[in-house]
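The exercises below are meant to be worked through with the structure in view. Try each task before reading its solution.

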Amino acid sequence: MEAQRGREDVKLPPVLHIVVVGFHHKKGCQVEFSYPPLLPDESHDSGGLPEQWRYLPFLALPDGAHNYQEDTVYFHLPPLSAEMKCVYGVSCYRQIEAKALKVRLADVTRETVQKSVCVLSRVPLYGLLQAKLQLITHAYFEEKDFSQIDILKELYEHMNGSLRGSTLEGSQVYLGLSPRDLILHFRHKVLILFKLILLEKKVLFYVSPVNRLVGALMTVLSLFPGMIEHGLADSSHYRPKSSLSEEPVGGGAEPAAAVTTPSIEEFVSVSATDIAELVGEEPPPPTGEGEGEGEGGGQATSSSPPRGRPLTRRRATGRPWTPACWRRRRRRRQRAARRGRSIRRPLTPEPGIPITSQPQAVGGQGGVVQGLVSGLEEDRYGLPLPVFTKGYLCLPYMALQQHHLLSDVTVRGFVAGATNILFRQQRHLSDAIVDVEEARIQIQDPELRRLLALTTADLRFADYLLKHVTENREDVFLDGTGWEGGDEWIRAQFTLYLHTLLSSTLHQDSERLLADYGAPFTAAWKITHNYRVWQSNRHQAMTEITPGHPFQGQYSVADVKLRLSHSVQNSERGKKIGNAMMSTSRNVVQTGKAVGQSVGGALTSAKSAMSSWFSTLATPPVAVVMPSPEEGHHQEEQ
């Protein structure tokens with residue numbers, strides 16, 4: 001399997017295409033240039049698109065782009081073949097006045113020209129690709145002649161030369177993603193977002209412009225250990241609306257699971273149907289790579305399909321299953337069993353007993369290996385958790401044309417970002433709407449709000465992060481330079497939080513330990529797909545983790561103050577009280593100023609009067625000599 005993966009890596013370069021998307025006054029958003037061509041048999045400027053990528057122009061040139069001089073978009077595209085995984089897109093948008101162009105084509109009829117240059121890549125290096133792409137986009141627009149495409153071809157060769165053979169490690173993965181800014185903005189609500197994604201809920205981020213949207217969403221995902229590096233490989237397995245059948249075969253959402261379920265070569269020891277049965281979900285239709293098990297958990301012994309599985313169910317290719325297909329599947333299972341990788345196991349394993357053991361990485365402590373069940377690259381602790389698999393999507397930016405995915409029966413959940421107000425108005429399609437501008441999480445379901453209520457230990461954890469992040473912000477020289485309170489430190493704290501949570505579920509006294517994380521939350525999390533897949537494997541490294549919440553302990557007066565502050569800031573009643581107090585305080589201040597001015601004026605007048613009166617009393621009396629009658633008569637005679 002590793003050799004096959006290596007051959008795929010050689011065949012597919014890190015950067016697949018460089019694409020230019022423009023806005024036509026009649027046709028709308030369209031592909032104007034691609035290198036190499038998106039369709040092999042067409043030219044660079046044909047504008048042709050694969051059916052799976054029909055939304056590419058609307059993702060690269062976002063809604064409301066004309067309101068901004070420039071913007072940046074992260075987006076995900078579905079794979080075109082079984083050898084590919086999620087395709088990561090980074091787009092840099094700019095607009096320029098038409099009169100500034102050196103070469104103005106006939107179809108340029110508006111005052112401004114809007115274009116995006118985007119990179120379609122196999123590696124999730126969003127920040128690194130953005131940094132390189134912004135420079136090239138600036139140079140491309142400075143030419144003022146969009147027919148000069150040599151610089152785009154050079155960008156393709158340069159990126160593939162610099163990224164080929166590079167590993168997804170180090171700070172380059174998280175370039176441009178700042179958990180410090182996220183915590184300063186959302187404060188303790190970051191932990192609520194963390195738990196929302198663990199519960200695999202439908203989470204919609206909303207803000208404009210797009211660069212703020214995708215930055216906040218991807219920063220939240222960066223808090224999950226290994227998620228960006230290896231956990232998004234199956235996060236965009238959806239089909240455009242035109243390629244979906246009107247009535248799914250067999251009813252329900254079963255057929256979509258075949259799109260998001262990896263093949264038997266990726267699972268190594270279990271089939272896609274076995275995985276679905278393990279986690280208590282409806283098994284997906286067979287993918288031709290492995291065979292399901294009988295009612296009693298044993299291996300099927302007949303070449304015909306097991307009972308209860310109609311032959312009308314179709315594969316991902318649309319072709320029906322035939323007896324010959326089932327015979328081929330049976331032979332593949334037998335070959336796998338002879339290689340010592342039998343996948344026989346009971347359908348309902350005992351709680352707490354893993355069905356298999358995850359092999360350890362040979363590359364040392366930091367190595368990753370292929371997950372037996374998840375199909376993702378995992379570390380020694382079984383991370384990243386397989387959250388974005390089996391129809392749970394991660395779409396950093398959603399175009400309006402993708403709105404149908406919110407209500408698609410083949411999509412069981414999503415973490416998505418949008419800038420169009422229509423997404424926000426239809427609240428019934430999302431479990432939680434995150435207003436990035438206001439740092440507010442809107443949850444309509446009271447039961448979900450109960451599940452996400454932070455415990456005292458959680459509040460201590462969030463307060464601990466916030467205090468360390470804000471400790472040195474007043475000093476411009478020390479801000480962000482130390483380990484504690486820095487971006488990597490914050491990610492390390494969330495890694496510890498998740499490690500201890502997973503370790504607590506394996507402990508004999510798990511009920512008491514998990515109470516610090518929230519008993520309702522942990523009960524709901526244990527029935528999610530990501531936990532059941534993780535729990536089905538035995539991860540030896542988990543024995544190194546001490547179970548229990550990092551901030552467990554006895555209550556104190558500080559906890560009461562923390563709880564009161566949290567309640568006032570988040571409950572509706574608390575918000576009303578807080579707003580009333582702020583309004584009252586503001587009115588008191590204004591009234592005080594007015595009274596002070598009027599009273600101050602009266603006091604000034606009184607003070608001046610009293611001063612003049614006192615000055616009169618203090619002045620010594622002047623003697624007035626009145627002339628005598630004789631002297632007066634004498635003066636008259638003179």
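**Exercise 1.** How many helices and how many strands are there in the protein?

*Solution.* The model is a predicted one, and in it the protein has 22 helices and 14 strands. Turning to burial, 48% of the 638 residues count as buried.

**Exercise 2.** Work out how helix α15 and helix α16 are oriented towards each other, and which residues meet.

*Solution.* Begin with the geometry: helix α15 (residues 456-470) packs against helix α16 (residues 487-506) at an angle of about 170°, and their axes are 11 Å apart. Because angles over 145 degrees count as roughly antiparallel, α15 is roughly antiparallel to α16. Next, look at the contact itself, where Asp-458, Phe-461, Tyr-464, Leu-465, His-468 and Val-469 of α15 meet Trp-489, Ile-490, Gln-493, Phe-494 and Tyr-497 of α16.

**Exercise 3.** Classify the ring pair Tyr-464 and Trp-489, and say where its two members lie.

*Solution.* The ring centres of Tyr-464 and Trp-489 are 5.6 Å apart and the planes stand at 45°, so the pair is tilted. Tyr-464 belongs to helix α15 and Trp-489 to helix α16, which means that the pair ties together parts 25 residues apart in sequence. As for accessibility, Tyr-464 is partly exposed at 26%, whereas Trp-489 is buried at 3%. Finally, both rings belong to a cluster linked by ring pairs, whose members include Phe-461, Phe-494, Tyr-497 and Tyr-517.

Technical notes:
Residues numbered from 1 in each chain as written. Predicted model: local features only at pLDDT ≥ 70, side-chain atom pairs only at ≥ 80, totals over all residues. Heavy atoms only, no water. Axes fitted to C-alpha atoms, helices over the stretch in contact; angles between N-to-C directions. Helix = DSSP H or I, 4+ residues; strand = E, 2+ residues; numbered from the N terminus. Parallel < 35°, antiparallel > 145°, perpendicular 65-115°, else oblique. Contact = heavy atoms within 4.5 Å. Buried < 20%, exposed > 50% of the residue type's maximum accessible area, 1.4 Å probe, protein only. Phe/Tyr/Trp six-rings, centres within 6.5 Å; stacked < 30°, edge-to-face > 60°.
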